[in-house]
Structure formats: structure tokens, C-alpha cells
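Thanks for making the time this morning. I would like to take you through one model, and I will give the cut-offs for each term as it comes up.

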Amino acid sequence: MPTSARPTHALRCPPKPRPGDRVAVLSPSSGLPERLPIPYELGLARLEKEFGLVPVEYPATRKMGASPQERAADLHAAFADPEITAVFASIGGDDQLTVLPHLDREVFRAHPKPFFGYSDNTNLLAYLWNTGIVGFHGATVMCELGRPGAMHPLTADSLRAALFSSGPYPLRPAERYRDEGRDWADPATFAAEPAMWPGDGWRWHGPQRVVEGPSWGGNIEVLSWMLLANREIQDDLAVYDGCVLFLETSEELPRADDVYFVLRSMGERGLLGRFPALLMGRPKAWSLSRPNSREAKAAYVREQRAAVLRALAAYAPDTVAVFDVDLGHTDPQLVIPYGGTVRVDGVARRITVTY
């Protein structure tokens with residue numbers, strides 16, 4: 001269903017929380033905290049001990065199978081509560097699309113707050129974008145805050161800046177990264193630092209120029225569902241002109257062809273060419289159900305990059321593209337403002353976000 005909102009590119013950045021504030025922890029997608037309490041409770045503890053925030057849970061936060069109406073009610077309650085100054089998703093999922101029709105846009109408009117989430121939370125981030133509110137792509141409680149060993153320093157620094165400061169924040173590529181993990185149900189998983197692999201920096205493609213604009217995008221699989229349902233995608237595509245697109249793929253490891261098909265559909269719709277810059281997240285190339293070898297992982301990354309370049313060549317040949325940005329399902333993860341200003345400097349090879 002088309003949205004009734006039509007934001008300008010000057011979205012409203014909600015007030016920042018302060019140490020000591022109460023923040024909501026919700027499960028707008030999956031109630032996995034019920035089944036996997038170890039990373040969840042670790043993330044709650046870090047919110048309190050390392051960031052000085054007081055987490056507040058809601059009825060559906062630890063409830064698997066909560067209805068869309070229950071999850072929408074939690075969102076309304078958290079945003080309307082004057083004592084709550086930020087909202088965190090516990091984790092992603094696969095059906096937040098069904099929650100959107102139960103949301104009252106005026107509740108969010110009247111009580112704007114920073115929302116942190118990614119993956120299936122792309123739905124809510126796009127909803128807030130259309131409501132005129134800047135959100136934050138990244139930093140779920142179970143994944144980033146509940147990381148084994150300790151939070152990655154790049155993730156923690158990015159989250160701290162997004163939470164408590166305003167202004168430009170330069171991104172930098174991770175020297176080492178991780179896309180493999182262990183079973184969250186096993187306490188031994190959280191007893192030590194996970195293994196990491198050398199990163200090889202960002203890969204730049206396209207014209208050497210500077211692009212600056214508000215960001216839009218998210219998880220490509222979730223965006224494809226939103227496009228199919230015509231939910232939170234503007235009818236007037238001109239609202240995306242000049243925006244910086246950012247995309248990432250999940251642990252479902254979509255085929256390179258499927259990534260291309262989504263981007264091709266965006267191109268045929270007249271959407272892909274609206275974005276003069278693209279930040280493509282480092283692909284997650286391994287999962288517990290698909291434990292790829294090092295060689296298979298490298299091939300997966302190459303094939304996905306080729307698929308994206310093929311779509312850009314056909315529909316957005318002048319777009320500046322940056323690959324392997326740490327903004328998605330790999331570790332570390334940089335928080336990206338959703339609707340905030342992003343500067344992509346193709347001359348100096350720098351990326352700066354504004355929190």
C-alpha cells in the first residue's frame with residue numbers, strides 16, 4: 001500500500017538519549033530472546049554497563065510468535081512513553097512487513113525517538129523515513145551488543161557516537177572482520193573472542209566525484225518484499241533523487257542472480273538510477289546451515305559484486321559505488337543513519353556520516 005507521507009530530504013533527527021536514561025528494547029520482528037537468552041541478556045547488560053542506559057522490556061520482547069498487533073502495540077507504547085529516550089530492536093526476523101499496517105504514524109510523528117535496528121527492521125526504518133524521522137541502521141541487542149567476548153571496538157565507537165553525539169563521523173574500513181559464528185545456544189560460544197580474518201579495505205567503482213545526501217536503503221531481501229507489497233515505497237520516486245543508497249545481504253546468503261534481479265527490478269521501476277551513490281555492505285558469505293569454505297566465500301563475494309556492477313551498468317552507470325563497507329550482517333558493524341546525511345567522497349576515498 002502506498003504511504004500517505006511525503007518527506008522532504010531534511011528529515012528530523014530525534015533528540016539524543018543521555019547516560020542514565022531509560023531505553024526500550026523491543027522485538028518488532030522475531031521474539032528470539034525467548035529461545036536464545038544468552039546473547040540477549042549479555043546485550044542488555046552491556047547497554048547498562050558500557051553505555052549507561054537502562055533497558056526496559058515490553059510484553060512481546062521475549063515472546064516467540066507474538067502477533068503483528070502485539071508488536072505494534074509495543075512500538076506505540078515505547079515511542080509514546082516520555083521516559084523512554086531511544087528504542088532498540090532485539091534482533092531481526094522475517095515478517096515485520098505484517099506489523100506496518102497496524103502502526104499509527106501520528107504516534108511516531110508526535111514522539112520521535114532514535115530507533116536502532118537492521119535486517120528485517122528495514123521495514124520500520126523506511127516507515128520512520130516516510131514519517132520524516134531519521135533512524136539508525138545497526139546495533140541490535142542480540143547481535144552487536146551481545147557479541148561473544150566483547151563488543152568490537154569499531155561497533156562500540158560507532159554506536160556511542162550515534163547515541164550520544166551529533167555531527168560528522170568518518171567511517172573507516174575494518175582491518176579484520178568476521179562472517180562466521182557459532183551456536184548461540186551453547187554457552188561456550190560466548191566465552192572467548194571469535195576468530196577474525198584480514199579485511200582488504202573498500203572497493204570503489206564509478207566516477208571520482210563527491211556525493212552528499214540523505215541515506216535510504218537497508219537489507220536487500222527485505223526491500224524486495226516491500227517492493228512486492230508496495231509498502232513504504234514512495235509513489236513519487238523524485239523524493240529519492242540525490243539520496244545515498246546503502247544495501248546489504250543477510251545470513252540467508254541470497255544468490256548473486258537474485259541480488260541482480262532485485263536491483264534490475266528497482267532499475268525497471270525507475271528507482272535505482274535516482275541514487276548517485278551506493279554503499280554496498282560486506283557480504284556475509286557463511287552461515288551455520290551453509291558453512292562455506294574460504295574459497296567458496298571468496299567466490300560468493302566476487303559473484304555478488306559482479307551482479308551489483310551489472311545492474312549499475314544497465315540502470316545507474318554514473319553512480320559512485322563502494323563495496324565491502326562494514327554496515328550489515330558481518331562483524332564489526334558501523335551504524336548508518338537512515339535519512340541522515342552521508343558524504344561519499346570518490347576523490348579522497350572517504351565516507352562520512354552525520355549522526
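I will go from the helices to the nonpolar core, then to one serine, and finish with the charged pairs.

Before that, a word on conventions: what you see is a predicted model, in which local features need pLDDT of at least 70 and side-chain atom pairs count only at pLDDT 80 or more, while totals for chains, interfaces and linings use all residues. Residues are numbered from 1 along each chain as its sequence is written, and side-chain values use heavy atoms, with hydrogens and water left out.

Let me begin with the helices, where helices (H or I, at least four residues) and strands (E, at least two) are DSSP runs numbered from the N terminus. Buried here means under 20% relative accessible area, exposed means over 50%, and partly exposed is in between, with a 1.4 Å probe and protein chains only. Among the buried residues of α4 are Asn-123, Trp-129 and Asn-130, and just after the helix Gly-132 takes a positive phi of about 95°.

Helix α8, residues 256–268, has 13 residues and reaches 18 Å from its first C-alpha to its last, close to the 18 Å expected at 1.5 Å a residue; that expected span is 1.5 Å times one less than the number of residues. Which residues of α8 are buried? They are Ala-256, Val-259, Tyr-260, Val-262, Leu-263, Met-266 and Gly-267. Seen down the axis of α8, these buried residues fall within an arc of 160°, so they line one face of the helix, the arc being that of the directions from the helix axis to the C-beta atoms. As background, an α-helix has 3.6 residues a turn, so residues three or four places apart point the same way. The cover over the buried residues of α8 includes β10, α7 (220–229), β11 (244–248) and α9 (294–315), and α8 is followed by Gly-270, whose phi is positive, near 85°.

Helix α6, residues 153–164, has 12 residues and reaches 16 Å between its first and last C-alpha, close to the 16 Å expected. Its buried residues, including Leu-154, Ser-158, Leu-159 and Leu-163, pack against β3 (84–89), β4 (115–117), β5 (135–137), α5 (141–145) and β6 (168–170).

Leu-159 brings us to the core. A nonpolar core is a set of buried Ala, Val, Leu, Ile, Met, Phe, Trp, Tyr and Cys residues joined through side-chain atoms within 4.5 Å, and of the 105 residues in the largest one, Phe-88, Leu-159, Trp-216 and Leu-279 touch the most other members. Leaving aside neighbours within four places in sequence, Phe-88 is in contact (heavy atoms within 4.5 Å) with residues including Val-25, Leu-47, Phe-116, Leu-159 and Leu-163.

Now the serine: where is Ser-215 placed? Ser-215 is in strand β10, residues 210–219, and at 1% relative accessibility Ser-215 counts as buried. A polar atom of its side chain lies 2.3 Å from the backbone oxygen of Pro-337. Beyond its neighbours within four places in sequence, the contacts of Ser-215 include Trp-129, Phe-246, Tyr-338 and Val-342.

Finally, the charged pairs. A salt bridge is a side-chain nitrogen of Lys or Arg within 4 Å of a carboxyl oxygen of Asp or Glu, and by this rule the count comes to 20. Asp-324 and Arg-305 form one, with the closest N and O atoms 3.2 Å apart. Asp-324 lies in strand β13 (residues 320–325) and Arg-305 in helix α9, so the pair ties together parts that are 19 residues apart in sequence. Are these two residues buried or exposed? Asp-324 is buried at 5% relative accessibility, and Arg-305 is buried at 16%.

Glu-70 and Lys-63 form another salt bridge, with the closest N and O atoms 2.5 Å apart; here Glu-70 is partly exposed at 29%, and Lys-63 is partly exposed at 34%. Arg-147, Arg-178, Glu-193 and Asp-331 are linked in a network of salt bridges, and that is where I will stop.

Conventions: A polar contact is a pair of N or O atoms within 3.5 Å; within protein, one must be able to donate a hydrogen and the other to accept it, and residues adjacent in sequence count only if both atoms are side-chain atoms.
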